[in-house]
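Hi,

Here is the structure I promised to pass on. My notes follow below it; have a look whenever you get a moment.

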Amino acid sequence: MVCSFVSTALVAQEKQPEPDTVRKVNVLQEIVISASRLSEKQLTAPVSISKLSNSQIQQTAAPGFFDAIGSMKGVHMIVPGMGFKIINTRGFSNTTNVRFVQMIDNIDNQSPHIGAPIANALSPGDLDIDHVEVIQGVASALYGMNATNGLASFTTKDPFTTQGFSIQQQVAVNHVSDPNDVAPRVYNQTDLRWAKVVGKKWAFKINAGYNRGYDWIADNHDDLNPSANQTVGLTGADNPAYDAVNGYGNESSNRKTLTLGGKNYVVSRTGYYERDVADYRLQNVKGDVSLYYRPNENSQISYTYRTAFLNNTYQRSNRFRLQDYLLQQHIVQFKNALLQARAYITSENTGHSYNLRSMAENMDVSFKDNNKWFADYTTAFNSAASSHDVATAHHMARDAADYGRLQPRTPEFKDKLKQLQEINNWDIGAALKVKAHLVHTEAAFDLGKLLHTNYNLQIGADFRDYIIVPDGNYFINPTDSGHNLNYTSYGFFIHASKRLLHDKLQLSAVLRGTGYEYFNLKWNPRLTAVYELTRNDFVRFSYQNGYRFPSIFEGFSNINSGGVKRVGGLKVMSHGVFESSWLKSSIDAFTTAVNKDVNSSGLSQAAAIEKEKGILQRNTYTYLKPEQMHSFEVGYRSIFSSRFSVDVDFYYNFYSNFIAQIEASIPNTSDNAQIPAYLYDKNKQGRYRLWTNSKTIVHNYGAEIELLYLINNKYSLSGNASYQTLKRTNTNDGLEDGFNTPGWMVNAGVRGTNVYKNLGFNVAAKYQSKFYYQSFLVNGNVPAIFNADAMVQYTFTRPGLNIKLGATNFLNHSYYSILGGPQIGGFYYTTVTYSL
C-alpha cells in the first residue's frame, strides 16, 4: 500500500449524481484537522501533513493500518519486534522515539515511564480506525508534548455515524525459510467491534482484540569488539573478548585485562545469545469501552476505558522481554462548537518484564562470580600455554572456567531464569518492575466563534503530572524517599489565522508557552502562510520552534547494571558526578594504548600508564537542559485535470542541546598521582552512564514529494519519495543521538478497485537506502532494503463479507530495520471480515 496525502476513495462507490470531473476532484481532496486543530481542506493546510483514509486502510496491502503508515510520505518505520513497531519522520529515529507523538482521539498513548509512544501495542484495531493523520516535522506549538519530529493522530469511528457489529479474523504465517533456523509459525489475530445508538442521545462502542504469534528473532553474531586483542594477533574466532551483537553478558562491564605470559589480553565472560534468554512468544490482548452522551446536536460528553495486556520484545539501550505488561487509560472528553476539554489518566505496570542483557550476565555470575571466573581462566591458561599455542590456550582456559555453566533450555537454566526474572536489582537479577501513571488535563476554546470575528482565534491550556512509584532499582525519589516521584508540566497557547487578498492568502500564528518542573518556561512560536495560486494550486511556508524536555527516564533513572550505574541528568539525581568523572571514551583509548605499549614495546604496565596518561580527559559535560530545534518549510500542493495530484515540500532544521548519554568513571582515590592507575583498573573506579546534552549544533534538511494519478474509475498509481540528510557543525562531539535515518525512502504502487465485479488488488514496492545506525547497543550500517507487498480481495455484499489474501515482503528477502534488532522476513496472511 502506498499512501498519499489525498484520499483514493473509490470513484466507483460514489453514488452522488455529480459530473465525473467533480467527483474526481472531490476524491483528490481530504479534510484534515491535525495541521491547525481546525477542519480544513488538505490542499490549504499550512504544514506538511498526510492522511491515510478509511478506504485506503481497507485496500492496503499491509496486514493492518499501523503497518500501512510505514508507506506514508516521509515515514520511517523500525521494528524491534512484531508487537512494538515504531514510526518517525525527519530523522533522529530511535527505538524509544521520544521526539514523536502518537495520539488516539486526541489522547497521548505514551508509556509514562518511557515518555514515548507505546507504538502499535495500544493502537486501535482495524475495525474501529477511521483515519490517520501524520504531521511530518515539528508540531510542538499546537501540541506541545515534545512533538519536535512529528505527530501521528489516530481517529476512531463515531458510534453515532458508524453502528453495527463486525468481526475480523486474520491468520498468517511467518518464519518461512527463516535464516535463524526457526520453523514456520502461525500468527492469529481476532478483532471485533460493536457500536450502537440508544435512543437519540446515547451511544456506546466496544472493541476487543487478541493476537498471538512468534516474534522475529534477533540473532546477529557479528563481533562488536573485533580489535580488542589485535596487538597480540587474536582476532575472529580466536578473540577472547568476543562480543556478539545479540549476545549479552560479554559487554565492556563483563571484561577484564589479564596479564598472561607477559602479555596483556582483554578477556570477556562467555555470556549467552539473546535467543537463549528471550521468550519470543508474542501476545496482546487489548480493547476499549466507550459511552457517549449528546445533550444537544452540538455537544458531546464521552467516557472511554482502554487497556492492553501484552507480551513482546522491546528495545532501547538494551533489549527487553515485556511480559504481562499492562497499560490502562481512563478518559473523559467534552466537546461542542466552542470548547474541547479532556482529562485522562494512563497507568502502566511492567509485570514480569526483564532486561535480556542483565538476565544473561547474571545467569553467568550466578554460576561463578567474576573474580573466581577470571582466576580460573588465568590458572587454566598458564597450564595450557606450556604445551599449546596461545589461541588454543585461550580456548582451553575458557572451557575450564566455564565448566559447570548453566546450559540453555535445561531445567536448571529455566529455573534460574524464572528466579532472576523476579529479582529487582540488575546487579544480581533482571526484573523490570515499574509502576507509573500519567495524569493529563487540557482545554481549547474557539474565541473566534464566540466573538463572531472574521478571523480564527483559539486559546488552550494543559497540565500534566507523571507519577512514578519508586522501585529502588529503576527509579528512586531523590528528595522524598518512600514517596512517589512526581514530574509536572504545563502549557498554554494562542492560535490566530486570517484570510487576506480576497481569501487567496491565509496567515496564521501560534505562540505556545511550556514549563516543566526543574526548568524555566520556554516559548514555541509557529508562523505560517498559504497562498492560492489558482483554485487547485497552493504554496505554503512555515517557521516553527520546538523544545523537547527530558523524559522521566532521562531525568530520573537510577539503575545499577553490571557494575555501571545509569543516572538521570537532572542535578537532583547526579549532583557531583559530572564534576568528578572522566570520560569513558578517553579511558578506553588510554587502556588500548597501554596494552599496545605492553604487548608491542615491552614496557612495564606502570611505565605504559605513565606514558599514556595524557590521553585521559575529564568530563566536561553537565546537567540536562531542554533540547531545541528550529524548522523552516516551504511546500506546494496541486490537483491537475482532476486526475493527478502532487504534494512537495522542502525543509531545513537545526538543533541544539541534543539530549544524549555519555559514559564516565570516577576513580576511587583523591590522589591525583594514582588516578591513571585507578582508571586503568575497572575494580578501582565507579562507572556511570549519564544523560546530558551534546555540544554540537546539527543541521538536518530534506525534501519530500507525493504523487497520485487516477487512471480511471478502477485503477490508480501512487508514489512518494523523501530525501533527508544531516550536517554536523561546531564541536562534532558525537554525543547527539544518531540520525539513524535512510537518506532515501521511496514507495510506489498500483491499485485496482472493482476490476471485475467486487475484486480488487494492491501491489506496492518500497526502497530504503543504506544508513548508519548509532546506539548504545550497537553502531554500524543498516543495509539497504528493497521489498514488495501485495494483496487481492473480494467483497460479498450479501452477506457483508470481505476476504483478503496478502503478503508483506512477499519475496521473503530477510532484512534488518535497525541494528541489534531482528531479521524480518515474509509475512503471508488471510483476513476475513464480516459486518452485520
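Thr148 is in contact (heavy atoms within 4.5 Å) with Arg99, Gly137, Val138, Ser140, Gly546, Tyr547, Arg548 and Met629, leaving aside its neighbours within four places in sequence. Thr148 sits in the loop between helix H4 (140-143) and E11, and it is buried, with a relative accessible area of 3%; buried means under 20% relative accessible area, with a 1.4 Å probe and protein chains only.

Before you go further: this is a predicted model, in which local features need pLDDT of at least 70 and side-chain atom pairs count only at pLDDT 80 or more, while totals for chains, interfaces and linings use all residues. Residues are numbered from 1 along each chain as its sequence is written, and side-chain values use heavy atoms, leaving out hydrogens and water.

Helices (H or I, at least four residues) and strands (E, at least two) are DSSP runs numbered from the N terminus, and two strands pair if DSSP finds at least two bridges between them.

E11 belongs to an open sheet of five strands, in the order E3-E10-E11-E6-E7 and with mixed pairing. Its edge strands, E3 (49-52) and E7 (107-108), each pair on one side only. Strand E6 (residues 100-104) runs parallel to E11 (residues 150-156), joined by five bridges, and Phe100 stands opposite Gly150 in E11.

Next, strand E34 (residues 627-640): 10 of its 14 residues are buried, so it is largely enclosed by the rest of the structure. Strand E30 (residues 537-548) runs antiparallel to E34, with 12 bridges between them; here Ser542 stands opposite Glu633. E34 also pairs with strand E35 (residues 644-656) in the antiparallel sense, over 13 bridges, and Gly635 stands opposite Asp649 in E35. What lies between E34 and E35 in their hairpin? Three residues do, and Ser641 in the turn has a positive phi of about 55°.

Lastly, a helix pair. H7 (residues 370-385) and H8 (residues 390-401) pack at an angle of about 140°, with their axes 8 Å apart; axes are lines fitted to C-alpha atoms over the stretch in contact, and angles run from 0 to 180 degrees between N-to-C directions. The two helices are therefore oblique to each other, a class for angles that are not under 35 degrees (roughly parallel), over 145 (roughly antiparallel) or 65 to 115 (roughly perpendicular). Residues making the contact include Trp373 and Phe381 of H7 and Val390 and Met396 of H8.

Happy browsing!

Definitions and conventions
Buried means under 20% relative accessible area, exposed over 50%, partly exposed in between (1.4 Å probe, protein chains only).
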